[in-house]
Amino acid sequence: MEEPKVLTSKEFIELTMSHQTVAFPEDEYFQRELFLTEYWRSILFEIAFKSDFSNDHIQPVHNRKIKNMLSRQVNAIWPELNDATLKEGTDFTKHVRKCLEKIGDTVHLGSGFYVPLPLRMIDLPESEYAVIVGGISTQLIQNMIPSLRISGYGRIVEKKRIPDSIKTDRHLWQDYSNWIGWKPGNIKSWMTLQMRQLSTLGSQSIQGFEEFEVYNSLGHKGRGNRSFWIDQRTLQAQKLSGILLCKTVDANRRYFLGELKDGYLLKELTITDADTIRWLMIGFRLDSGRSPIARWNDSFLKVNSPLPQALERHILVFSLKQNAFEYYVCEQVQDHVEQFLKSHGYEILDTRRSHNE
């Protein structure tokens, strides 16, 4: 009689998670990210509702308490992962927490305290999917929506497989534009407004700093240039003129809209909001006829500049984030992610393997 196969901890995790995910990642870093996401969300939910408060209140939970419980569970279920996180000596949940906040599953109240947000359904425009957000454990949501699947940091369901009782419950649905957050309705009109603000609110530059760079939306090339920023000497050599996005290169990096003539700065308007800067990068590229770029490399999607909050919120539901520029996206939802970015003016460069390889 053949001996039964004894699964290792990692094999057990892979088997368990693969039943819930659109596709279980092959890369160990993303296996870990997916595992931590699910367990952090579940532990927060469990603790928040185990309180002496009445049923219409939940208890804020400190991240330290979640981390301690998570560490014990990881040590029992996946000890190799626990060893790796201990060696890092850092907050191994920080990245996951930030992503769950961005998609709307949890909210940080300050001083390390979190609460899970209520369950909401989001109807994605021009898509076969609806998104399920809220700090409810996946297992509990599956009791209501059996066809739910984990996809990146989020949970999704095909619209045609949503139970009728869910479809007709208007209290469960949140408007897409409300969930996704602010983004320019028309980026060309929004860019025109930014230019006007430079004219009306900008100050004359005294050129008290010599070293600054300009965002390379026009595709100018020069020796030693970084891909997306042109240094001041190149600006002057190429006699660039116009209104462009600039930044200083000192330790106190400052972004501003600058009016240039023959490479010299005449007027400037400081931009402090990071999201505005990211939309300006997209806007300047589109305005110059050069689309922002996203590039596939197998299952990895790399963008040429950090995504604005609204775009990243949508992408994070379907992906796992590696850094400010790169996301892991499983094959089944890559077309959705690609079409979403194309609808915002992105050009997609494809180096994915064919499905037949």
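**The sheet and its helices**

Modeller: E259 stands opposite K267 in β14. The model is a predicted one, in which local features need pLDDT of at least 70 and side-chain atom pairs count only at pLDDT 80 or more, while totals for chains, interfaces and linings use all residues. Residues are numbered from 1 along each chain as its sequence is written, and side-chain values use heavy atoms, with hydrogens and water left out.

The two strands around that pair are β13 (residues 255-261) and β14 (residues 264-271), which run antiparallel and are joined by seven bridges. Strands (E, at least two residues) and helices (H or I, at least four residues) are DSSP runs, numbered from the N terminus. Two strands pair if DSSP finds at least two bridges between them.

β13 and β14 belong to an open sheet of six strands, in the order β9-β14-β13-β12-β10-β11, with antiparallel pairing. The edges are β9 (203-204) and β11 (229-231); each has a single partner strand, so one side of each has no neighbour in the sheet.

Helices lie across these strands. Helix α9 (residues 187-201) lies across β9, β12 (242-248), β13 and β14, and runs at about 105° to β14. Helix α11 (residues 274-287) lies across β10 (212-215), β11, β12, β13 and β14, at about 140° to β12. Axes are lines fitted to C-alpha atoms, for helices over the stretch in contact, and angles run from 0 to 180 degrees between N-to-C directions. Contact means heavy atoms within 4.5 Å.

The axes of α12 (residues 309-317) and α13 (residues 334-342) cross at roughly 170° and come within 10 Å. The two are therefore roughly antiparallel; angles over 145 degrees count as that, under 35 as roughly parallel, 65 to 115 as roughly perpendicular and the rest as oblique. L311, H314 and I315 of α12 make the contact with H336, V337, F340 and L341 of α13. By class, this contact has five nonpolar, two polar and no charged residues. Ala, Val, Leu, Ile, Met, Phe, Trp, Tyr, Cys and Pro count as nonpolar, Asp, Glu, Lys and Arg as charged, and the others, Gly among them, as polar.

Helix α5 (residues 94-103) also packs with α12, at about 110° and with the axes 9 Å apart, which makes α5 roughly perpendicular to α12. Here C99, K102 and I103 of α5 meet E312, R313, L316 and V317 of α12. The residues of this contact divide into four nonpolar, no polar and three charged.
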